[in-house]
Amino acid sequence: MRLRPFLTHLAALWLASAGASAQTATAPTITTQPAAVTAIVGGNATFSVVAAGTAPLAYQWLKGGSPIAGGTGSSLSRPGVSFADAGTYTLLVQGQDRSGN
């Protein structure tokens, strides 16, 4: 079975705490893409990325567009994969202002 990751990212803005002016944060970017994973049933699959941008960065992995419970780090491990784990995996990376404002 082949599990394929697809990635996206959101830009974010933050407000300067010492003044009224708004500054633009460095938008998150994926600097190291994860490789597609081929796993046998019962085996393990792990996706891993490296992202850069204004900290803190927040991660959310999705499968078929739905958030994966506990999938909130720069890597995603799927132990004991089954045919139900096959699909498209997406990573959402957000910067400091999680609201996107």
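Mentor: Accessible areas come from the Shrake-Rupley method with a 1.4 Å probe, and for residues only the protein chains shown count as cover. On that basis the chain exposes about 5700 Å², of which carbon and sulfur atoms supply 56%. The model is predicted: local features need pLDDT of at least 70 and side-chain atom pairs 80 or more, whereas totals for chains, interfaces and linings use all residues. Residues are numbered from 1 along each chain as its sequence is written, and side-chain values use heavy atoms, without hydrogens and water.

Trainee: What makes phenylalanine 47 buried or exposed?

Mentor: Buried means under 20% relative accessible area, exposed over 50%, and partly exposed in between (1.4 Å probe, protein chains only). Phenylalanine 47 has 1% and is therefore buried.

Trainee: Why is the pair of phenylalanine 47 and tryptophan 61 called stacked?

Mentor: Rings of Phe, Tyr and Trp (its six-membered ring) pair if their centres lie within 6.5 Å; planes under 30 degrees apart count as stacked, over 60 as edge-to-face and the rest as tilted. Here the centres are 6.0 Å apart and the planes 25°, so the pair is stacked.

Trainee: What makes the pair of phenylalanine 47 and tyrosine 89 tilted?

Mentor: Its centres are 5.2 Å apart, and 45° between the planes is neither stacked nor edge-to-face, so the pair is tilted. Tyrosine 89, at 0% relative accessibility, is buried. Phe47, Trp61 and Tyr89 form one aromatic cluster.
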